[in-house]
Amino acid sequence: MTAAGGVAAMAGIAALCGTGPLDILLTNDDGTSAAGIRALRTQLVAAGHRVTLAAPDRNASGSALSFTWGSVRVTQDPGDPGVFTIGASPATAVVLAATALYPAGTRPDLVVSGINHGPNSGSLLMLSGTLGAALAGTLLLDPPVPGIAVSAGRLDPASPADSPANRAQFEAVGTHVASLIEATRGWFCEDDRVVRARSVLNVNYPARPVDELRGTVVAAQGAATDLRVTFTAVADGEYRAQATTSDATDHRDTDNHWLDRGYATVTPVSGEIADTRAPRADLKRRLRRLGPRDR
């Protein structure tokens with residue numbers, strides 16, 4: 001049971017920095033049969049790329065970078081050998097596919113995660129299984145594989161994701177993503193080498209037809225989110241989460257700001273969570289009070 005594609009690791013570096021077809025590991029957090037991932041696969045294959053689809057067997061939204069330890073069930077589609085259903089989290093699906101389903105000694109050139117059924121912008125990124133899956137390739141694979149995470153607002157949020165209107169939106173977004181990959185793949189490279197292998201481009205599309213986009217902009221990650229979660233008691237000692245949405249206003253030049261104005265956004269992110277703006281000198285001064293044995 002192996003992926004249909006796969007090229008040697010060194011050839012993969014050259015491939016991403018070139019102009020030819022890529023070996024793409026496609027995943028998501030909405031499940032193997034989700035409308036978004038199926039639409040994106042169709043468009044990536046139409047663009048000439050070799051695509052291996054490996055995604056969770058169920059909706060795993062909000063799983064971030066969670067990892068599944070122990071035995072993991074993998075089911076290969078008997079009618080489509082390039083599709084694998086993984087009984088694990090999105091991040092696990094990426095690592096499992098890249099290390100066990102590709103032929104020995106090979107790696108994908110790029111991890112693409114999506115199309116997520118809804119936006120992943122602002123502070124919501126900390127929970128996003130879509131982004132977590134793409135980050136897994138940069139953090140948990142050796143050598144690391146860069147990624148692109150894609151999310152899109154539904155044209156008709158009241159209808160199922162596989163409704164005709166939403167399917168058409170995902171197909172259009174998939175076509176745009178294929179062009180976006182071609183335009184941005186060289187960003188990961190310098191001198192024909194991948195130098196940003198630990199980076200992911202987080203891409204968001206607003207809930208409007210792709211042919212009505214006002215443009216595509218590079219945006220900072222916002223600090224706001226339209227998702228609000230509260231817990232309500234449903235029985236003695238039992239609580240259940242309830243999610244609501246609200247307006248997510250944010251500062252200018254952030255993803256939320258531009259999405260509200262009808263632009264698709266591209267935000268470079270990485271797995272580094274260190275606060276580089278924090279006052280380190282003051283923290284060191286405070287720690288001196290603990291004495292030399294506690295340093």
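Let me begin with a term: a residue is buried under 20% relative accessible area, exposed over 50%, and partly exposed in between. Keep that in mind for Arg50. At 36% relative accessibility, Arg50 counts as partly exposed. One caution before we go on: this is a predicted model.

Now, what does Arg50 do with its side chain? Arg50 meets the side chain of Asp23 in a salt bridge, at 3.2 Å from N to O. Asp23 sits in strand 2, residues 23-27, and Arg50 in strand 3, residues 50-56, so this pair ties together parts that are 27 residues apart in sequence. The Asp23 end is covered. At 1% relative accessibility, Asp23 counts as buried.

How many salt bridges are there in the whole structure? A search finds seven. The general idea is simple. Side chains of opposite charge can pair when their charged atoms come close.

Here is another one. Glu190 and Arg196 join their side chains in a salt bridge, 3.2 Å from N to O. Glu190 is partly exposed, with a relative accessible area of 41%. Arg196 is partly exposed too, at 26%.

Next, helix 7. Asp282 forms a salt bridge with Arg286, and their closest N and O atoms are 2.9 Å apart. Where do these two lie? Both are in helix 7, residues 280-287, four residues apart, which is about one turn of the helix. Asp282 is partly exposed at 26% relative accessibility. Arg286 is partly exposed at 43%. Arg285 comes in as well: Asp282, Arg285 and Arg286 are linked in a network of salt bridges.

Let me turn to nonpolar residues, starting at the surface. Leu65, Leu139 and Leu140 make a nonpolar surface patch of about 230 Å². Leu139 belongs to helix 4, residues 129-139. Its relative accessible area is 37%, so Leu139 is partly exposed.

Now inside. The largest nonpolar core has 40 residues. Which residues have the most contacts inside it? They are Ile148, Ile181 and Tyr205. Helix 5, residues 164-184, gives the largest share of this core, with six residues. There is also a second, separate core of 22 residues. Val74, Ala133, Ala136 and Leu141 are included in that second core.

Stay with Tyr205 for a moment. Setting aside neighbours within four places in sequence, Tyr205 is in contact with residues including Val150, Val173, His176, Leu180, Leu213 and Leu259. Ala264 is also among the contacts of Tyr205.

Tyr205 takes us to strand 11, residues 199-205. Is this strand mostly covered or mostly open? Mostly covered: seven of its seven residues are buried. In a regular strand the side chains alternate between the two faces of the sheet. Strand 11 has Ser199, Leu201, Val203 and Tyr205 pointing one way. Val200, Asn202 and Asn204 point the other way. Residues on both sides are buried.

What pairs with strand 11? Strand 8, residues 147-152, runs parallel to strand 11, and six bridges join the two. Within that pairing, Ala149 has Asn202 as its bridge partner. Strand 15, residues 264-270, also pairs with strand 11, in the antiparallel sense, over six bridges. There, Val200 stands opposite Val269.

To close, two things to look for on the screen. Find Asp23 and Arg50, joined by their salt bridge. Then find strand 11, with strand 8 parallel to it and strand 15 antiparallel to it.

Conventions: Residues are numbered from 1 along each chain as its sequence is written. This is a predicted model: local features need pLDDT of at least 70, side-chain atom pairs count only at pLDDT 80 or more; totals for chains, interfaces and linings use all residues. Side-chain values use heavy atoms; hydrogens and water are left out. A salt bridge is a side-chain nitrogen of Lys or Arg within 4 Å of a carboxyl oxygen of Asp or Glu. Buried means under 20% relative accessible area, exposed over 50%, partly exposed in between (1.4 Å probe, protein chains only). Patches are made of residues with over 30% relative accessible area and no salt bridge: like charges are joined within 9 Å, nonpolar side chains (Val, Leu, Ile, Met, Phe, Trp, Tyr) within 5 Å. Accessible areas come from the Shrake-Rupley method with a 1.4 Å probe; for residues, only the protein chains shown count as cover. A nonpolar core is a set of buried Ala, Val, Leu, Ile, Met, Phe, Trp, Tyr and Cys residues joined through side-chain atoms within 4.5 Å. Contact means heavy atoms within 4.5 Å. Two strands pair if DSSP finds at least two bridges between them.
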